[in-house]
Amino acid sequence: MGRFKAKRQRQQSGRFNIDGHVVNEAAMHSEFAAIAGTVDDHGRVVFWNDPALQLGEIASGVDPVTGQVTVERGASGQLPVALFEPARALMTRMPGQPPREQQADQAIALGLSRFGRGFAQLGPADGWQLHRLVDDRLELRTPDGGVYSRIAVPFDPAWISAVVSTGFALCLYGIQLGVRTPPGVPDDEYTDRARLDEFRRGRALGFTAAGLVPYVNNRG
């Protein structure tokens, strides 16, 4: 099972874009079918305070009278984060609407949250799970048990220790997470600052899905 379930497509008019090329609706549906079983993506495992994320602090409460947000200073720094970045974008633009990225939107429809800029409310992603496989790859699984995204990342003992301790990780899914080095950019020029800029652009455009996902260890 891949990211998209087969279903009757509604007729609609709009502008569809695959890898920078404008296509018609039939081609868009065909591309959906082609990627339905493609779940191996690019990824990274980092911490909440990584310089390429700079997520600040997690709010611990909100005063109902003043609206003031309180945080536990430094408590969120070692929160484990897993980044899942698909290799291809599936963009649509309906008349009078901003562009949307269909893979992130599907993840949101299945229970993740849209992770926009500014104050973002994060909560448990009901039914989602983050599985560590016997070969150390990580799988992001949907509430029905399907694999939405799978990444192979270097083994990081500190990250594993943190996710075992917390029992969950912040999982981010989207096309602009600052994971892949953009085409034509030398690796040494894709700095933390460049990754951060890309991550913030993706959030501002609504292309990022997120959730606090329980961790499952399948290594025995």
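Student: What does Thr142 touch, not counting residues up to four places away in sequence?

Tutor: Thr142 touches Leu110, Gly127, Trp128 and Tyr148 by that count. Contact here means heavy atoms within 4.5 Å. This is a predicted model, where local features need pLDDT of at least 70, side-chain atom pairs count only at pLDDT 80 or more, and totals for chains, interfaces and linings use all residues. Residues are numbered from 1 along each chain as its sequence is written, and side-chain values use heavy atoms, leaving out hydrogens and water.

Student: Why is Thr142 called buried?

Tutor: Buried means under 20% relative accessible area, exposed over 50%, and partly exposed in between, with a 1.4 Å probe and protein chains only. Thr142 has 7%, so Thr142 is buried.

Student: What makes the link between the side chains of Thr142 and Asp144 a polar contact?

Tutor: A polar contact is a pair of N or O atoms within 3.5 Å; within protein, one must be able to donate a hydrogen and the other to accept it, and residues adjacent in sequence count only if both atoms are side-chain atoms. The Thr142 and Asp144 side chains are joined at 2.5 Å, and this is a polar contact.

Student: How do you know that β13 and β14 pair?

Tutor: Strands are DSSP runs of E, at least two residues, numbered from the N terminus. Two of them pair if DSSP finds at least two bridges between them. β13 and β14 have 7 bridges, in the antiparallel sense.

Student: Which way do β6 and β13 run?

Tutor: β6 and β13 run parallel, joined by 4 bridges.
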